[in-house]
Amino acid sequence: LNESLKVEDGEIIRAVLKGLYGKLKPCAEHIRFLFMTGITRFSNQSLFSKLNNMRDLTFSSAFSSAFGYTQAELEAYFDEGIGEYMEKHPDAGREGLLESLRHWYDGYRFSEGAEKVYNPVSINSFFRDDGMAFEPYWANTASTEMVVELAKRARIAFLPDDTPAVMKSTLMNFSIESFEAGEEISQKKMCGYLYMAGYLTIDHIDGDIVHLAIPNHEVGKIMGEVISEAFIGDEGSYNLMIEIERAMQCGDIGRLASAFDRIIHIPTYDMRIDREKFYQALIYAVSSLSGKIDVRAEEHTAEGRSDLVLAVKGRVVIVELKMDQSAEAYLAQIESRNYMDRYTVSGDDIILMGVNIATKGRGRPRLTWQEKRMDERRNSPS
C-alpha cells in the first residue's frame, strides 16, 4: 500500500485492492477468523468501504502485548538462547545481557499504561545470529526510502528523548491518503505515520494528548540514519561522520567544530528550521552513525541536562549548544551545572565545548565555539 503512493497509478492499485477486500464481505459466514496487518492503514471510507465491519485493534488494551514479547516471555521462551550467549560471553552476566536487550529492542507501548514489549523481529534475529551481536536488525526488514522522503516533506528532526505530542484523534483517524505526492505534510501527521510504522511509540497519555517517543536504541539509530539522509544526504553524512570520528580520536575540537559547522550549513533555506533542537538533532544524527563514538543527547545530571555528549576510548566531549547568544556563556553553563562530574573518576580526557549558532540576519547560520580542557585529577581547568 505504501508503494502505491509513489506512482501515478496509485489509484488503480488501490482500486484493485478495494475489489479484493470487497470479495471477502460476502464470505463472512464462512470465515471464522480473519486478521489483517500492515505498517499503515487507509481509511475505512475509501479502501475498506466494502469491508467496513472490521474491528480496529491499533489502540486496544486487550491486544497491547499480543504482537511483541513481554519481559516474562523473553526470559521464558529464549532461556536457551540466553544460556548460549552466556557461554560465549561469560563476562557479560545474565542481568547485563537482559539490560542490553531492553536498551536495544524493548520499549513499545500500544495503549495507556500497557506493558512495554520487545520487537519480535529483532529478538528472533539476535538469537538466530551466530555472533548474537547487537545490531539494528529491524532496519533490514524494509527500505527506509519512504520515511526519508516524508521526513524531508515534513521537515521533521528530533532527538531520542523528545516526546512529540499529538492529539489522540490524530492517531485514531490517521490516514495514509493525506501523504499523496505533492501534498504538504504537517509534523503532526508525520508523527502519526511514524507511530503506525513503528518508529515512535506511546510514552504516556495526558487526556486527549498522546506523548510519543522513540522506543529503543535500535530505532534511535535507524531514525538517525533517516534524519541524516533526509537533510544531509547519504554520502555527505558518511563523510562527516568519518570527520567527527577522526576529530574525537585525536581530540581536535577545532576539527570537530568544523564538522558541526558543515552539518548545519548543508540544509537549504526551505529545509531548515531555525530552532536549537533542529540543529542539535542534525549533529546528533550524523554523529550517531558511527560505531566508534558513544553519542548521547539530553543526558540527565543532578543539575540539568547536557545537550550532547560524545565519547571515545580515553576521551569525552561535553557539548552545550544554543542559538544567538555566546559560546562562552554555554561553556560556563557546563561548568556551573557540573555536567562533567560523572566522568571525572574515569581518568578520561574531558573537554567542554560551548557552541553558538547565530541565525539572526540574512544568509546561512554561523557557528562559533569555545573549548576548555579539564584536568581529571583535580577537576579544575588545566
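This short talk describes selected features of one protein structure, from its salt bridges to its helix packing and surface.

Good morning. The model is a predicted one, in which local features need pLDDT of at least 70, side-chain atom pairs count only at pLDDT 80 or more, and totals for chains, interfaces and linings use all residues. Residues are numbered from 1 along each chain as its sequence is written, and side-chain values use heavy atoms, with hydrogens and water left out.

Let me begin with charged pairs. Side chains of opposite charge can pair when their charged atoms come close. I speak of a salt bridge when a side-chain nitrogen of Lys or Arg is within 4 Å of a carboxyl oxygen of Asp or Glu. A search of the whole structure finds 17 salt bridges.

Which parts of the chain does the pair Glu75 and Arg94 link? Glu75 belongs to helix α2 and Arg94 to helix α4 (residues 94-105), and the two are 19 residues apart. Helices here are DSSP runs (H or I, at least four residues; strands are E, at least two), numbered from the N terminus. The N to O distance in this salt bridge is 3.6 Å.

Glu75 is partly exposed because its relative accessible area is 28%, and Arg94 is partly exposed at 32%.

Within helix α4, Glu99 and Arg102 are 3 residues apart, so about one helical turn separates them. Their side chains form a salt bridge of 3.1 Å, N to O.

A further salt bridge joins Glu320 and Lys322, with the closest N and O atoms 3.3 Å apart. Glu320 is buried, at 1% relative accessible area, and Lys322 also counts as buried, at 19%. Elsewhere, salt bridges that share partners connect Asp162, Lys277, Glu298 and Arg305 in one network.

I turn now to helix packing. The axes of α6 (residues 145-154) and α8 (residues 187-197) come within 9 Å and cross at roughly 160°. Axes are lines fitted to C-alpha atoms, for helices over the stretch in contact, with angles from 0 to 180 degrees between N-to-C directions. The two helices, α6 and α8, are therefore roughly antiparallel, a word used for angles over 145 degrees.

Finally, helix α2 also contains Leu74, which is buried at 0% relative accessibility. Leu74 and Leu101 are 27 residues apart in sequence, with their C-alpha atoms 9.7 Å apart in space. Thank you.

Note on methods
Angles under 35 degrees count as roughly parallel, over 145 as roughly antiparallel, 65 to 115 as roughly perpendicular and the rest as oblique. Buried means under 20% relative accessible area, exposed over 50%, partly exposed in between (1.4 Å probe, protein chains only).
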